[in-house]
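This report covers the fold, confidence, surface and side-chain pairs of one protein. The sequence and model come first.

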Amino acid sequence: LPPHLRTKPDVAALLSEMAGEFLQMLTSEANEAASAEKKKTLSEAHLLGALRKLGYPQLAAECEAVGEAEHGAQAAAKARKRKLKGAASTLSTEELLAELRDLPDAALGYFITKAFPTMGRSEE
């Protein structure tokens, strides 16, 4: 509940019980839909269909919009990851060496000390 909302102590318990009952009805309805399709796993479509069947089409539409936005964000993140992975793997060894040669001496020295920490140290 929002912190600014004041209720009697038994109201919070009643709301919790009601939420549990609602989730039970929703899950049961979604499970029936999945079983009718001979599926063992509930999907987003099963839950959205259950919301509609239980008389909550507006809530289903809102949940669907949130789901689509989330799927879009996940797809964009995967595309960025593929792009970064692809960019790193498209350079040949010769191209990587050429890029290293173009680095300023200070940056190259830093890279070498980080990549090869024992290089240039004398055995003591």
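Helices (H or I, at least four residues) and strands (E, at least two) are DSSP runs, numbered from the N terminus. By this rule leucine 15 belongs to helix H1. The model is a predicted one, in which local features need pLDDT of at least 70, side-chain atom pairs count only at pLDDT 80 or more, and totals for chains, interfaces and linings use all residues. Residue numbers start from 1 along each chain as its sequence is written, and side-chain values use heavy atoms, with hydrogens and water left out.

**Fold and confidence**

The protein has 5 helices and 0 strands, in the order α-α-α-α-α along the sequence. A contact is defined as heavy atoms within 4.5 Å. Of the contacts between residues at least 6 apart in sequence, 24% join residues at least 24 apart.

Confidence is given as pLDDT, the predictor's confidence in each residue, from 0 to 100. Its mean over the protein is 81, and 76% of the residues reach 70 or more. Helix H2 has the highest confidence, with a mean of 95, while helix H5 (residues 105–115) has the lowest, with a mean of 65. Where pLDDT is low, the predicted coordinates should not be read in detail.

**Surface and burial**

Accessible areas come from the Shrake-Rupley method with a 1.4 Å probe, and for residues only the protein chains shown count as cover. The protein exposes about 10,600 Å², of which carbon and sulfur atoms supply 61%. Residues are called buried under 20% relative accessible area, exposed over 50%, and partly exposed in between (1.4 Å probe, protein chains only). Of the 124 residues, 8% count as buried.

Histidine 46 is placed in helix H2 (residues 44–53). Its relative accessibility is 5%, so histidine 46 counts as buried. Apart from neighbours within four places in sequence, histidine 46 contacts Ala30, Ala33, Ala34, Glu37, Lys39 and Thr41.

Leu14, Leu15 and Met18 make a nonpolar surface patch of about 280 Å². Patches are made of residues with over 30% relative accessible area and no salt bridge; like charges are joined within 9 Å, and nonpolar side chains (Val, Leu, Ile, Met, Phe, Trp, Tyr) within 5 Å. Leucine 15 has 37% relative accessibility and therefore counts as partly exposed.

Lysine 38 is in the loop between H1 and H2. Most residues other than glycine have a negative phi. Lysine 38 is not a glycine, yet has a positive phi of about 60°. With a relative accessible area of 77%, lysine 38 is exposed.

**Side-chain pairs**

Side chains of opposite charge can pair when their charged atoms come close. A salt bridge here is a side-chain nitrogen of Lys or Arg within 4 Å of a carboxyl oxygen of Asp or Glu. The whole structure holds 2 salt bridges.

| Salt bridge | Closest N and O atoms |
|---|---|
| Glutamate 29 with lysine 53 | 3.0 Å apart |
| Glutamate 64 with arginine 52 | 2.8 Å apart |

Because glutamate 29 lies in helix H1 and lysine 53 in helix H2, their bridge ties together parts that are 24 residues apart in sequence. Glutamate 29 is buried, at a relative accessible area of 15%, whereas lysine 53 is exposed, at 62% relative accessibility.

The other bridge links glutamate 64 in helix H3 to arginine 52 in helix H2, distant parts of the chain that are 12 residues apart. Glutamate 64 is partly exposed at 29% relative accessibility, and arginine 52 is partly exposed at 38%.

The structure also has 1 aromatic pair, formed by phenylalanine 22 and tyrosine 56 in an edge-to-face arrangement, 5.3 Å centre to centre with 90° between the planes. Phenylalanine 22 lies in helix H1 (residues 9–36) and tyrosine 56 in the loop between H2 and helix H3 (57–90), so this pair ties together parts that are 34 residues apart in sequence. For such a pair, the ring centres of Phe, Tyr and Trp (its six-membered ring) lie within 6.5 Å; planes under 30 degrees apart count as stacked, over 60 as edge-to-face and the rest as tilted.

Phenylalanine 22 is partly exposed, with a relative accessible area of 24%. Tyrosine 56 is partly exposed as well, with a relative accessible area of 35%. Leaving aside neighbours within four places in sequence, tyrosine 56 is in contact with Phe22 and Leu51.
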